[in-house]
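Let's take a walk through this structure together. Have it open beside you and follow along.

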Amino acid sequence: MLLRRLICCARFCFGCFIVWSMVCLLTVSLQGVVLAQAIQLHVDLTDAPRNIYHAHLRIPVKPGALTLVFPKWIPGNHRPSGPIGALTGIKMQAMGQQGLGQPLAWERDPVDMYAFHVTVPAGADELQVSLDAITTQDSAGGGGPAASSNLLDLNWNAVVLYPQGAKSDAVEFAPSVTLPANWKFGTALTVARANADKVEFAPTSLTTLIDSPLIAGLFYRRIELTKPGETPVHVMDVVADSAAELAMKPEDLTAYQKLVAETGALFGARHYRQYHFLYTLSDVVGGHGLEHHESNDSAAAGRTLLDDDLHLIFADLVPHEFAHSWNGKYRRPAGLATPNYQEPMVGDLLWVYEGLTEYLGTLLAVRSGLWSPAQYREALAHTAAELDHRTGRNWRPLEDTARSVQILRMMGPQWQSWRRGLDYYPEGQLIWLEVDATIRQQTHGQRSLNDFCRSFHGGESGPPKVVPYTFDDIVRALNEVAPYDWSGLLRERVGATATHAPLGGIERGGWKLVYSDQPNLHAQAIEKLVKFSDFSYSLGFSVSENGEFSDVIVGSPAHAAGLGPGMKLIAVNGRKYSPPVMHAALKAAQASADPIELLVENAQYIKTYSVAYHGGDQNPHLERVSDQPDLLSDLLKPLTK
Ligand SMILES: [Zn+2]
């Protein structure tokens, strides 16, 4: 999912060079299940406005013991985030020619909460399962609900059970849905037939089903992004909470069309049959961006197409998720290419999966015209400054943030700079910028990371498949573009502790990170949206609208004064706290030897803290280093006219 600094991603398919179209031909028999026949799945979405989906499965079975499992490790979430707590209303009954149909007792595994045991009686050939998914917590990995009064997001992993031990490529589903009256939908699934609000899809593997979410809404707009006659087809399906929020400016339409063209020029191949940009615009639903082979499920604020600040914040969301079709879905770290959703994932290479995607997503945002180069530089300066104040890098290498995704993802902001968060996204971005700038320097501008993308992610166009890779594969591919000690550089960047962020890419690019009292426009837009104030680079804390410290940076003036996250700021130099009052105090302290006095509430006690700081407001920007080539501007240039 992606709200910058709160962000990102995605979804799955199965590993090892198996093309999707092959999977349905397999006739595998696991204990108690007949995999040669498709599981019928119907999802009644008419209760979506009150955030509950009703599913009914008809599973071909044989008599005997059977274990069904609920997807646990969710691709793109990279962690065991399958919403098992939201799975409710489970009822089973066996069907057959001998008049069966009585309720069948099931039992949850005492250790594995995602597994359900049942005994299929003699004479039964079908198990019918009813279940409900409560969707008040987004099943795509975001924070909000999956549906509102006017729109919904269906991630099929929330409404399926499948035989334990089966590979997801080998299980076939015949899915269908009933939508709320008059809602329209978008999905990468192939529609077999549609009749009023009932839609049936062509049978598909469980892999493809879970990789193909569906969005729907009362306010829906289909936008063609492909020129007439071109293949594969690219479509943007937009749903919003109001008709007004669907309005896309002509320049944005042009930019999204250019985004498609730029990815073609960058990668040189497409690994999908058609592509759907599923775009939800809502202040209620979302907070996510989830990548798939043939679609992306992205959600931004309701007025993103109308408001300049929101546009600035979310501009790289769709490019990021789109780039994942190549980096993450087609080429995938071996540890994330698992055969089904119960196998644990290993996230060590997420600094490639997410970090390179973060880098490419921001580049593509500029190359397509969604960001100006100046906006890109403000966003990059914001990222660089935030990471340069990550004191946790002193004890925690970047790779450990990737390996720890399953424990870091849902942590709050308290002590974030010391604990570190999902830093493999933004710090990965800085590392890949350094790699790109280094290739350009080493080859005197003859080669770049574009060449790496073409060789590593390109290949032959065709339907989705997964080609896993290792660290050594990355190093080998980089050396084919430009010989260098890539192994040494990358192992240092991801495996070693350090005091400062890797800013070599900015510096090799001909720019440097500086601070001034002028607001960073990207940071300012996020502060406005999330309703907080960021004094990280001056006093050393961020503070919510109601005065609560969300984080205090270890080693900062505020930290030295004894402040910590969770405390509440009441007054600054005797005057009630507000952002303007704090900015005025910072300015006054520049001409004074007196500390800034902060009146703070902590666990029912109130105390004054003296902060010895006289540097004024500090906001990050990039400044040109005039005697060096401007590689940073070069790499932002579009590859297409
Ligand atoms: Zn991502």
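R440 and D436 both sit in helix α11, four residues apart, which is about one turn of the helix. Helices here are DSSP runs of H or I at least four residues long, strands are runs of E at least two long, and both are numbered from the N terminus. The side chains of R440 and D436 meet in a salt bridge, with N and O 2.9 Å apart; the term asks for a side-chain nitrogen of Lys or Arg within 4 Å of a carboxyl oxygen of Asp or Glu. D436 is buried at 0% relative accessible area, and R440 counts as buried at 11%. (Buried means under 20% relative accessible area, exposed over 50%, and partly exposed in between, using a 1.4 Å probe and protein chains only.)

Before going on, keep in mind that this is a predicted model: local features need pLDDT of at least 70, side-chain atom pairs count only at pLDDT 80 or more, and totals for chains, interfaces and linings use all residues. Residues are numbered from 1 along each chain as its sequence is written, and side-chain values use heavy atoms, leaving out hydrogens and water.

Helix α11 (residues 426-442) also holds E427, which pairs with R393 from the loop between α7 (373-388) and α8 (398-403), 34 residues away.

How many salt bridges does a search of the whole structure find? The count is 22. One more to look at is D309 with K528, at 2.6 Å from N to O. That pair links distant parts of the chain, with D309 in helix α3 (residues 308-314) and K528 in helix α16 (residues 521-530), 219 residues apart. D309 counts as partly exposed, at 25% relative accessibility.

Now for the strands. An open sheet is formed by three of them in the order β27-β28-β29, with antiparallel pairing; strands pair if DSSP finds at least two bridges between them. At the edges are β27 (532-535) and β29 (549-552), each pairing on one side only. Strand β28 (residues 541-544) is joined to β29 by three bridges, and F541 has V552 as its bridge partner in β29.
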